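Trainee: Could you walk me through this structure, please? I have not looked at it before.
Mentor: Gladly; have a look at it here, and then we will talk it through.

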Amino acid sequence: MKPYVILNAAMTLDGKIVTAKNSSNISGEEDLKRVHELRKNVDAIMVGIGTVLADDPRLTVHKVDANPEDNPVRVVVDSKCRTPIAARITNKDAKTIIAAANEFKYDFLVSDRCNVFKQRGVEFFFSGDTRVDLTALMDYLASQGIETLMLEGGATLNFAMIKEGLIDEIRICIAPKVVGGVNAKTLFDGEGFDTMDEGVNLELTDSFSLGKDLILTYKVLK
Ligand SMILES: NC(=O)C1=CN([C@@H]2O[C@H](COP(=O)(O)OP(=O)(O)OC[C@H]3O[C@@H](n4cnc5c(N)ncnc54)[C@H](O)[C@@H]3O)[C@@H](O)[C@H]2O)C=CC1
Ligand SMILES: Nc1nc(O)c(N)c(N[C@@H]2O[C@H](COP(=O)(O)O)[C@@H](O)[C@H]2O)n1
């Protein structure tokens, strides 16, 4: 059992989702409104710990009209429980689940940080030995009533999710910009596949201009 997973991201024409110096304002205003309408229409939104540490995102609906109950559940994939106490995703604006790995479970559960998170209502899910078991996580989220999940990056988690066959749809905003840089993260990093034959095949289902950007929607072929 798993939620329907939509990966949404913004990238430059050369496939970069952030520069090597961590600059990531890619989407135009119109696209950000589209993203927040999508946030409003899913049950949960998930990012990797790399994104939390780099951006300190809110992961709420704050660029279009919304009520507090429109905020999706926030899920952070954080094997080693590195989420900072000051991270905005741990505030009370929405429910938050931190998914961590079993190796770090006992030390974390007795830590002061864990108590602070618990007081804020943050929940935890442990799976996998040293790294979060993403399939088990999807199964758990589905058991919690989460039917639709928006994956919002970053590069490492995106690849792990698609490699595990857990992404159903991809919505990409391509900004008319090129930034280059061998150290700038792309839409899918991770270890990559060795051959084109191993690559994940997609089917283009929609494409349209939005302000200065181009929006492409793909179904992931399984
Ligand atoms: N332009 C865009 O649409 C977006 C850009 N970003 C950018 O992406 C960057 C962050 O990307 P990354 O550093 O790649 O971090 P990430 O957000 O993909 O998190 C990766 C981390 O997740 C943890 N993790 C735990 N279990 C895992 C598993 N089973 N598989 C994979 N990872 C697992 C690991 O600690 C791993 O290092 C940021 O600079 C952010 O600005 C992030 C989201 C959207
Ligand atoms: N769709 C999109 N376009 C961009 O240009 C971006 N930089 C991102 N980044 C993602 O949005 C998160 C910020 O969320 P809040 O506004 O703080 O709620 C950021 O962490 C990335 O996941 N997305």
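**A helix and its surroundings**

Mentor: Asp-133 caps the N-terminal end of H5, with a side-chain oxygen 3.1 Å from the backbone nitrogen of Thr-135. Helices (H or I, at least four residues) and strands (E, at least two) are DSSP runs, numbered from the N terminus. This is a predicted model, in which local features need pLDDT of at least 70 and side-chain atom pairs count only at pLDDT 80 or more, while totals for chains, interfaces and linings use all residues. Residues are numbered from 1 along each chain as its sequence is written, and side-chain values use heavy atoms, with hydrogens and water left out.

Trainee: Which residues of H5 are buried?

Mentor: In H5, which covers residues 134–143, the buried ones are Leu-134, Leu-137, Met-138, Tyr-140, Leu-141 and Ala-142. Buried means under 20% relative accessible area, exposed over 50%, and partly exposed in between, with a 1.4 Å probe and protein chains only.

Trainee: And what follows H5?

Mentor: Gly-145 follows H5, and its phi is positive, near 90°. Glu-147 then lies in the loop between H5 and strand S6, which spans 148–151.

Trainee: Is Glu-147 buried or exposed?

Mentor: Glu-147 has 60% relative accessibility, so it counts as exposed. Leaving aside neighbours within four places in sequence, Glu-147 is in contact (heavy atoms within 4.5 Å) with Pro-3, Tyr-4 and Asp-43.

Trainee: How far is Glu-147 from Ile-162 in space?

Mentor: From C-alpha to C-alpha they are 18 Å apart, and in sequence Glu-147 and Ile-162 are 15 residues apart.

Trainee: Changing topic, where is Asp-213 placed?

Mentor: Asp-213 is in strand S9, residues 213–220. With 2% relative accessibility, Asp-213 counts as buried.

Trainee: What does Asp-213 touch, then?

Mentor: Apart from neighbours within four places in sequence, Asp-213 is in contact with residues including Ser-27, Asp-31, Cys-173 and Phe-208. The side chain of Asp-213 also makes a polar contact with the side chain of Lys-212, at 3.1 Å. A polar contact is a pair of N or O atoms within 3.5 Å; within protein, one must be able to donate a hydrogen and the other to accept it, and residues adjacent in sequence count only if both atoms are side-chain atoms.

Trainee: Zooming out, how many helices and strands are there in the chain?

Mentor: The chain has six helices and nine strands. Of its 222 residues, 47% count as buried.

Definitions and conventions
Chains lettered and ligands numbered in written order.
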